[in-house]
Amino acid sequence: MSRPPNYEFQEWWNQQRSKDQADDPLCSSTSEDIRFLTVNIHSPTYAAASAAAAAEKDRSRSARQLSWIYLLKLNQIAHSLAFITNGFISLIRTTRRRISTSPGAPRSESKFYKIIKFFLILSVILLFVELLAYYRGWHFSPPTLEEGVEDSVEYIYANWLEIRANYLAPLLQCLTNVCIVLFLIQSVDRLVLVLGCFYIKLRGLRPLAEMDYKQDDENGGLIIDHYPMVLVQIPMCNEREVYQQSIAAVCIQDWPRERMLVQVLDDSDDADVQSLIKAEVQKWQHRGVHIIYRHRLIRTGYKAGNLRSAMSCDYVKNYEFVAIFDADFQPAPDFLRNTIPYFKTRMKMQYSLTIKYFSFLSPAGSWKALHFAGKDDLALVQTRWAFVNKEENLLTRLQNINLAFHFEVEQQVNGWFINFFGFNGTAGVWRIKALEDCGGWLDRTTVEDMDIAVRAHLCGWKFIYLNDVKCLCELPESYEAYKKQQHRWHSGPMQLFRLCFYDILHSKVSMLKKANLIFLFFLLRKLILPFYSFTLFCIILPLTMFLPEAQLPSWVVCYIPGLVSILNILPSPQSFPFIVPYLLFENTMSVTKFNAMISGLFQLGSSYEWIVTKKLGRSSEADLVAIMENESTPLVENGMLRSNSESGLADLNKLEMTKKMGGKKKRNRLYRKELALSFILLTASVRSLMSAQGIHFYFLLFQGITFLIVGLDLIGEQIGFAVVRISDEK
C-alpha cells in the first residue's frame, strides 16, 4: 500500500514534538492529551479510506444488532409455538380421556348428526380447494372458461366457479334472506316485550288482591273455617337429593292445617328412595301435618299421569285449589297467603238483617261481611322462580339470564295484557274446577303444563302472574342435564301445536287470541326462534365463506345479535359481564333446540323422551340448619302451622348420609353434534381469514371455540366456577 506524500513530514513532526515534551518538566501530558494535541494531516485519498473503514465498522455493528433482533423474534415465535403445541396436546389428551371414559355402548348415529357430518366433510373439501386456489394465485385473477385454461385443475376450478355463481349462491342467498327476515321479526317481538315490561314498571302495574289474609287475621276478622281448602301436590321420581327440603317447605306453610292436605306423589322405582320418602312423610304426620304418601304401581304418563292419578281420589272434591311444587322447589311459608287471595274478592255489603251473611258484631257497632265471592274466571296464579345456585358456575349464570327474561318480561307482559301464558309446571296454584273443565292432565306430550294451560285458555279461563312472589328452586349444573331439559322443553311445544291446532281454530275465543296462540306463542317463539338461530349462524354463515357470492351482512352477524342479547340481559343487569359468553352459548344451544323442534314437529323417536332433570340439593343444608335454629318454636300456634322440624341436626346428618349413599361420580361425555359443528365453524373461519373478513372471522372463530368447549363437556365444570369468581373479585 503506497504512503501519502506528506506521511514522512507527519512522522518527523510527531518525533520532534515528543522530544520537546520529554525535555520540558513542566509539560507532563497524558496519553489522552497527546492524542488530543496530535495533528493529523491527511490527504484526500487517506480521508476517503478512513471513511470507508468507519462505514464498514457501522455496517458490521448494524448487522450484529439485526441478528440479535431476529434471534429475539425467533425466540418469541418459538415460545408461541410451544404454547400452541401444549394447548393442542392438552386438548387431545382431554378428548382421549373423555372418549375412554364415556359409558355405555357406542351410540347409533342419528339422521341429524349425519347431516351435520356431511356439512363438515363438505367444508373440509371446500377449504382444501380454496387453499389450492389461493396458493396458485387464482383468488386475485380467477380463471374463466372463456379465456381458456392451462391444465385440468384450473379447468375444474373454473367450472366450480361457474356452478357456484350461477346455481348454488342464488339458492343460498334466498335462504339467507328468509332467515334474516325471520330474525328481524323475532327481534321486533323481543323489543315489544321489553317495552311492555318497561311500561308495567313505569306505571307500577301489578295484580291486586282485595283480600289479605294476613291483615284480616291480625285484626281478628277471619276464622279458620273461612280459609279455602287447599290441596298441595309434590310429584317426584327418584329425588333422593331434594325430597326432604321440598316436603319440609310445604309442611311449614302458614295455613290452617285443617284446611290443607299435602300429597307426596312418588313415582320412584328405587326401593331405597321410596323408603326414605315414606319415613319423611311419617315424620311430618307425627307432628300433626295432614300429609299422605302415594305410589303408583303402574307408572304411565310420566308427571301428567302421576298428577291425573292423584286428582282421581275421592277426597279431592272437598278442595277448591291445588298448589303444585316440583321436588326441588321450596315455597316460602307465606306462599299460600300470597297467592290464594287473588282468587277471592270481598263482597261490599250494606247493613242487612240476613243472619246467614253475618257472624258477629264488631265493637264499633258495624257489621262485618264474612261472605266472599271468587273471581270465577281465574284459573291459575303463577309465581316466579328464584335460583339458589345461579352463581355456581358459568352454565348456571347463563341459564339465569334466560329464565330471568322469561319471568320478568315474557310471563309478566303476557299475564298483564292478555291474561295468558304458559304454565311453568310448578310454583303455581290452580282452581280445581278449571282443571276439570278443560279435561284434566293429559300425557300426550312432554309439556303437560303447557298443554293444560292452552286448553284452559281456549275454555275462557284467565291467568295471573305474580312477579314479586318467588319460589326457590335449583338450576341444572351439568350440561348433560341442561341439554336433556331443553330438548324436552322444545320438542313438547311442537307436539302440542300439531295436536291442538285444529282445536285452536274451532275454539270460541276471539280471533285475536287465536292469532296470538298460533303466530306468536307457537310459531314465532317455539318454531321460528330455534330454526333461524341454528340455520343462520351454524349453517348459512359458514357456507357463505365458501360461496362468497351469497352475502351475509355484518349487521346480521354482529350488531343485531348484540342488541338482542342486551335486551335479554336487561332483567339481570348483574350479568352484563357475561354478555359475550351468553351470545355464543345461545347459538351453541341452538343445535339442541333445533333438533328438539324438528323431532317434536315430525314425531321422531326422541321427541317423547321424558327424563327427570338431575338435581343436587344445593339448598338442603341451609334449609335444615334454619329448621334446627327454629326447633324451639311451637308446632301449632292458634290453629296455624308455624314451626319447622324438631330435630334439624338429625335431619342434616341423615341428608349427608343419603348424599354419600346416592352420590355418583360425574360422567365425562362427548357431544358429537357440537364437536362436528365446531370443526365446521373453525374451517369456515380459516376461509374467512383468507378473504380478510374481520367480523365474520372473529365470530366464526369464537363461536367454533365455544362449540368445542361445549362438545368436550367443559361448560359446567369447576373451571367455569373459578373464572366466574375471579371476574366477581375484579
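1. Helix H15 bends by about 50° at Leu-523. The bend at a residue is the angle between axes fitted to the seven residues ending there and the seven starting there. Helices are DSSP runs of H or I with at least four residues, strands are runs of E with at least two, and both are numbered from the N terminus.

2. This is a predicted model, in which local features need pLDDT of at least 70 and side-chain atom pairs count only at pLDDT 80 or more, while totals for chains, interfaces and linings use all residues. Residues are numbered from 1 along each chain as its sequence is written, and side-chain values use heavy atoms, leaving out hydrogens and water.

3. H15 covers residues 511-546 and spans only 46 Å between its end C-alpha atoms, whereas a straight helix of 36 residues would span 52 Å at 1.5 Å a residue. That expected span is 1.5 Å times one less than the number of residues.

4. H15 is largely enclosed by the rest of the structure, because 27 of its 36 residues are buried. Buried means under 20% relative accessible area, exposed over 50%, and partly exposed in between, with a 1.4 Å probe and protein chains only.

5. Thr-339 is found in helix H10, residues 335-339. Thr-339 counts as buried because its relative accessibility is 0%. A polar atom of its side chain lies 2.9 Å from the backbone oxygen of Phe-335. Leaving aside neighbours within four places in sequence, Thr-339 is in contact (heavy atoms within 4.5 Å) with Val-381, Thr-383, Val-429, Leu-466 and Val-469.

Key
A polar contact is a pair of N or O atoms within 3.5 Å; within protein, one must be able to donate a hydrogen and the other to accept it, and residues adjacent in sequence count only if both atoms are side-chain atoms.
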